Amino acid sequence: MPSKAKTGKKLVIVESPAKSKTIAKYLGEGFIVEASIGHIRDLPQPSDLPAELKKTSLGKFAVDVEHGFKPYYVVSPDKKKKVAELKAQLKDADALYLATDGDREGEAIAWHLLEVLKPKVPVYRMTFGEITKEAIHRAMDNLRDVDTALVDAQETRRILDRLYGYEISPVLWRKVARGLSAGRVQSVVTRMVVDRERERMAFKAASYWDLTGQFGAESGSFKAKLAAVDGSKVATGRDFNDDGQLVSSNVVHLNEELATSLAAGLENADFKVRSVDTKPYTRRPAAPFTTSTLQQEAGRKLRFSSKSTMQVAQRLYENGYITYMRTDSSALSDEAVTAARRQAAELYGPEFVPQSPRIYANKAANAQEAHEAIRPAGDSFRTPAQVAKQLSGDEFRLYELIWKRTVASQMADAKGSTATIRLGAVAADGRDAEFSASGTVITFPGFLAAYEEGKDEGRGDDDSDDARRLPNVAKDDSLTASDIVAVGHETSPPPRYTEASLTAELEKRGIGRPSTYASTISTIQDRGYVRKQGSALVPSWIAFSVIRLLEQHFTDYVDYEFTADMEGDLDKIANGQAVGAAWLKHFYYGEDADPGLLSIVNNLGEIDAREINSVPIADGITLRVGKFGPYLESTIPTVDEKTGEVVESARANVPEELAPDELTAAKAIELMETAAPEERVLGTDPHTGHTVVAKNGRYGAYVTEIIPEMTEEQLANQPVEYYKNGKPKPPKKPVKVKPRTGSLFKSMSVDTVTLDEALQLMSLPRVLGEDAEGNPITVQNGRFGPYLKKGTDSRSIGSEEEIFTITLEQALEIYSQPKQRGARAAVPPLAEFGPDPVSEKNIVVKEGRFGPYITDGVTNITVPRSTSLEELTRERAIELLAEKRAKGPVKRTTRKAPARKAAAKK
């Protein structure tokens, strides 16, 4: 068979279409650049396996757990067309270049392409950290083979996550709630948020007092704070533990009385300077961005969520503005160091650049050196001003942040001096009081001229050194004193995690991989385990139940060190020091004293679901996590004041917006005392004989009928069906009749609604009659108020009470008028949050067809179901709009009309 004629064409496959155009331009003629659009195949759902495989060792996970944990991959249905296109392009190519991303996932995508396309031409693995002409040409000079160790590590991770999720999630379904999920990293991250909330719930505040005063010298005045009394340090927040106990020795704990009397005793005291201590101040710049530090800093400075940061960074990378955005490395290439130093010298002066380049070591527990830090692309950097017109608002702000951090990382230290003045006097009652003031003066800004790193909220009350200049004083100088006042303080609980601080903690502990932090934090919010309150992450009560079950029965799998060690093991596989199949066997089946996941799942024993879903709040009051949300239950019988009935277990709903640490014993008692009755029997429907009750539900008050279950005698008297052979079929389960229900009007309550009103509500929709064409017209209540309905034509009416009074004639009159679209009086917004920092237009929340949504007049985003309007903040609204902008406009595909066939010739 003759060999295939050479065409001179080379096929290059990248991951995203955005990259392909730019890379094609740099490679020139002879290269065809196509995008795989991410992964082309993955593990299928076990239910989608071929019938002959479902009963084999592949059936449970789509992974053959009995034969080396071999996965069963399928090409995704939406990628079959793409695979066919790639195969067609490959037929005419003389070489294949796999140019997917250079991380483990990118390596796995390259391997999957190799496995599916089965090329018969030379194959080269091509990687680059930035999309510039120089980088692409360097990549062509450094081609290699697919790294099978990296592929093994990524494949092991994928199978590990499948085993973990598919074995543990069903336990959550049975014991907590359907639809929940467990994940190797997501469950540990959820535990971190829950643990922090537990600390806040257990926290007991301590009160302490100190003094402040204004002091003057000939050269100026300054503010100082009480530091010591009679030679002993004054207690501050750092001297107390979370139980409110003073734990530091040799400190004096001032209460209000002692502090107030000391302030009074110092009114006419003679203050003198006791010491002046001046030290040189030096501050080094922060390292260039890694994935983790970029997410943290974008959260602090730009108010971006981790997810939004990565979406914007992805676009900047794909369009050639920054280097690859998934990296654990803070190192810069020689070209980047030269570019940063050159630009710093040009913009700020040669004195702002140190003699030697700075080299940064990684701080992450499991850092990989596979990539460079995130920096502006190219061997010379474009300034923010040079790219401003080419980028959107969010893209520009993130690029500017990356540019500033990169340039600052190669600049000189900031220099200055820190001065501390100690001054004191003896009070009228003989107590010696010593005050202290500190200030830092920057004499040479160095890198601060370009950039200063942000900080997360911390604990403690000590004032940081302000960038202020203290007056020039000397020991024994006399000072005037004024405004000496006693100030009270309370210790604060540990601050809740923000996305930025949670990311920092995950990196510090070595849990997960920085490239997955954004998706993990997004997942635990989407699953309902965590919600945002401002920028703080607050766990739900269902998260408490899930974590409690996992801690008690799957202890290792939510252990912080165990999870971090797994990352270390995956690193060993990536480095070729271990084999994935052997590691998975040990993880799943265990070895020696280590039982393995399968053994733990098979020997769980009895799990008390009620105990798992219960949290004691106060004496006799327990929080339960129920099917329809959390509620409080009293375990002490109480007497209903209105009816005199003894209620064995009174209940009260817990407001969704109430954070767990806010549900104190006092708050629980208040909720129980003010709770509306859960259920009230209204009477019997005279037509059906069914009992009618009014209830308080999760989504509001409503009435319903109680349909009794069939008795054994009724079940026995059901007609018997027979098979064709004459044998009787087993009796069918009776079909449950759906009870009639009706939401109460706004003017009604469970306490006041009557039986007649309930029967009316349950009879809706009400049929008014027919129009001239025989179309039925009904009236009913809806989410947006009462309305008429005729086929698909709906018309609003005035009030809920009109539902039972409106006549057919009135309805026909309404339908005789043209339908009003947009001509109604303007509805005021549900909330207003002021101007958006990007569009500078006013942010409002409006009621839309599909629920409330946030808009700045340019970008619209639906308010997430997990966020109530009451807890929606300006910061959250800005963040949601930023995420929507980061996704870009929705691409709407238009189907091309089929070409008309030419008329047949006669």
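Select Lys-118 to begin: at 60% relative accessibility this residue counts as exposed, where exposed means over 50% relative accessible area, buried under 20% and partly exposed in between, with a 1.4 Å probe and protein chains only. Lys-118 sits in the loop between α4 (104–117) and β8 (123–125), and its phi is near 45°, a positive value in a residue other than glycine. Helices (H or I, at least four residues) and strands (E, at least two) are DSSP runs, numbered from the N terminus.

The model on screen is predicted, so that local features need pLDDT of at least 70 and side-chain atom pairs count only at pLDDT 80 or more, while totals for chains, interfaces and linings use all residues. Residues are numbered from 1 along each chain as its sequence is written, and side-chain values use heavy atoms, with hydrogens and water left out.

For another backbone feature, select Leu-764 and Pro-765, whose connecting peptide bond is cis, with omega near 0°; Pro-765 lies in the loop between α23 (755–762) and β29 (766–770).

Now turn to strand β1 (residues 10–14), which is largely enclosed by the rest of the structure because 4 of its 5 residues are buried. Strand β1 runs parallel to β7 (residues 95–98), to which 4 bridges join it, and Val-12 has Tyr-97 as its bridge partner in β7. Strand β2 (residues 31–35) is likewise parallel to β1, with 5 bridges between them, and here Leu-11 stands opposite Ile-32; two strands pair if DSSP finds at least two bridges between them.

Leu-58, in the loop between α2 (51–54) and β4 (63–64), is buried with a relative accessible area of 10%. Not counting residues up to four places away in sequence, Leu-58 touches Leu-49, Leu-53, Val-63, Asp-64, Lys-70 and Tyr-72, a contact meaning heavy atoms within 4.5 Å. The C-alpha atoms of Leu-58 and Pro-71 are separated by 8.1 Å, and these residues are 13 apart along the chain.

Gln-343 belongs to helix α11 (residues 334–348) and is buried, with a relative accessible area of 7%. Display Phe-381, Thr-383, Trp-403 and Val-407 around Gln-343, which touches them when residues up to four places away in sequence are not counted.

Asp-856, in the loop between β35 (851–855) and β36 (860–862), counts as buried at 3% relative accessibility. Leaving aside neighbours within four places in sequence, its contacts include Asp-836, Lys-841 and Arg-885. A line drawn from the C-alpha atom of Asp-856 to that of Thr-236, 620 residues apart along the chain, covers 45 Å.

Finally, zoom out to the whole chain, whose C-alpha trace spans about 110 × 100 × 75 Å along its principal axes. The chain has 25 helices and 36 strands, and buried residues make up 47% of its 906 residues. Among contacts between residues at least 6 apart in sequence, 68% join residues at least 24 apart.
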